[in-house]
Amino acid sequence: MRRLLYTWILFAPSLAPGALCGQNISLTKLLSLQKASLISIQDYVETGSWKLKGTTSLKEVDSSIFQLRVRHFLDSLALNLKKEGNPNTLLFQTQLLENTKFDAPAWIEYLSQVDTKLNATTLFTNSITITLPKFYLFSTIALQLKNYDKHTFSHSLRFSFGDLETFRSIINEIGILQIPEKDSYVMYNAPLITRVYKLNDQVINLTTMNAYTTSYSLEIYSRSDYDYLHSAEQDLKGKVDFIH
């Protein structure tokens, strides 16, 4: 019974796959775009029914998310940069210091030009967010993960939406991918329920936020980035349910 329950949670039957309601977008397209260049993503988004909301700089993120730990690390690195040691590490640290610009964007957000009607009184504006590689590099520094200088990060995409019909359509598309049960699990962190699906080289996160108005997000990462940044995920006892 438990197995059947969580199989339903991950692969609930629903609508036929295709473009998501009211948007020129689909799970298949997002998976393709995550592997494309940033220019290709920008071209696709800006020729669709989306408008630029704005960018969030690394400086803004550094204050609100990293809590200045990244800045302190870089300041310390600049003051104590050693000329001896592994040449590759030294080269990376030198490039990190030279290329760090806190006015560079951490992520770019686009809003739908057409609101989604959730009910008689509520409208929801769908959005697409592009998270840039340097944000993930700074995340590893803030998290004090090892070997960050040996990892090359990719950008990720997040599609945020508010209607249940679109959620069901995405679930159906995921089911068609026939992802093995061993590569699928559910994480609980109230008010969030996150369904994780691991492909060979990408990871799909489908999150439900159970607030006053339920909303959803679909995130696509490279698998190497996700596994590196979320290595502790499987240690969340009582908060992760695996499908076996």
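The expected span of a helix is 1.5 Å times one less than its number of residues. This rule is applied in one of the views below.

**Notes for all views.** This is a predicted model, in which local features need pLDDT of at least 70 and side-chain atom pairs count only at pLDDT 80 or more, while totals for chains, interfaces and linings use all residues. Residues are numbered from 1 along each chain as its sequence is written, and side-chain values use heavy atoms, with hydrogens and water left out.

View 1. Helices (H or I, at least four residues) and strands (E, at least two) are DSSP runs, numbered from the N terminus. Of the 244 residues in the protein, 44% are buried. Buried means under 20% relative accessible area, exposed means over 50%, and partly exposed lies in between (1.4 Å probe, protein chains only). The protein exposes about 13,500 Å², and carbon and sulfur atoms supply 54% of that area. Accessible areas come from the Shrake-Rupley method with a 1.4 Å probe; for residues, only the protein chains shown count as cover. A contact means heavy atoms within 4.5 Å. Among contacts between residues at least 6 apart in sequence, 67% join residues at least 24 apart.

View 2. pLDDT is the predictor's confidence in each residue, from 0 to 100. The average for the protein is 83, and 85% of the residues score at least 70. Where pLDDT is low, the predicted coordinates should not be read in detail.

**View 3. I41 is a buried residue of helix 3.** Helix 3 comprises residues 38-46. I41 counts as buried because its relative accessibility is 1%. Leaving aside neighbours within four places in sequence, I41 is in contact with L33, A36, I130, H155 and L157. I41 and I130 are 89 residues apart in sequence, yet their C-alpha atoms are 8.7 Å apart in space.

**View 4. The buried residues of helix 3 are I41, Y44 and V45.** Seen down the axis of helix 3, these residues fall within an arc of 95 degrees, so they line one face of the helix. The arc is that of the directions from the helix axis to the C-beta atoms. The buried residues of helix 3 pack against helix 2 (27-35), strand 1 (50-57), strand 2 (105-112), strand 5 (127-131) and strand 6 (156-161).

**View 5. Strand 5 is covered on both faces.** In strand 5, 5 of its 5 residues are buried. S127, T129 and T131 lie on one side, and I128 and I130 lie on the other. Two strands pair if DSSP finds at least two bridges between them. Strand 2 and strand 5 run antiparallel and are joined by 5 bridges; the bridge partner of Y110 in strand 5 is I128. Strand 5 also pairs with strand 6 in the antiparallel sense, over 5 bridges. Here T129 stands opposite R158 in strand 6.

**View 6. Helix 5 (residues 69-79) has V70, L74 and L77 buried.** Seen down the axis of helix 5, the buried residues fall within an arc of 60 degrees, so they line one face of the helix. Their cover includes helix 4 (58-64), helix 6 (87-99) and helix 7 (133-143).

**View 7. In helix 6, the buried residues are F92, Q93 and L96.** They cover an arc of only 95 degrees around the axis, which puts them on the same side of helix 6. P87 and E98, on the other side of helix 6, are exposed. The buried residues of helix 6 pack against helix 5 and helix 7. At 1.5 Å a residue, the 13 residues of helix 6 should span 18 Å, and this agrees with the end C-alpha atoms, which are 18 Å apart.

**View 8. Strand 9 (residues 202-209) is mostly covered, with 7 of its 8 residues buried.** Strand 8 (residues 192-198) and strand 9 run antiparallel and are joined by 7 bridges. T194 stands opposite T207 in strand 9, and a hairpin joins strand 8 to strand 9 through 3 residues. Strand 9 and strand 10 (residues 215-222) also run antiparallel, joined by 8 bridges. T208 stands opposite Y216 in strand 10. The hairpin formed by strand 9 and strand 10 has 5 residues between the strands.
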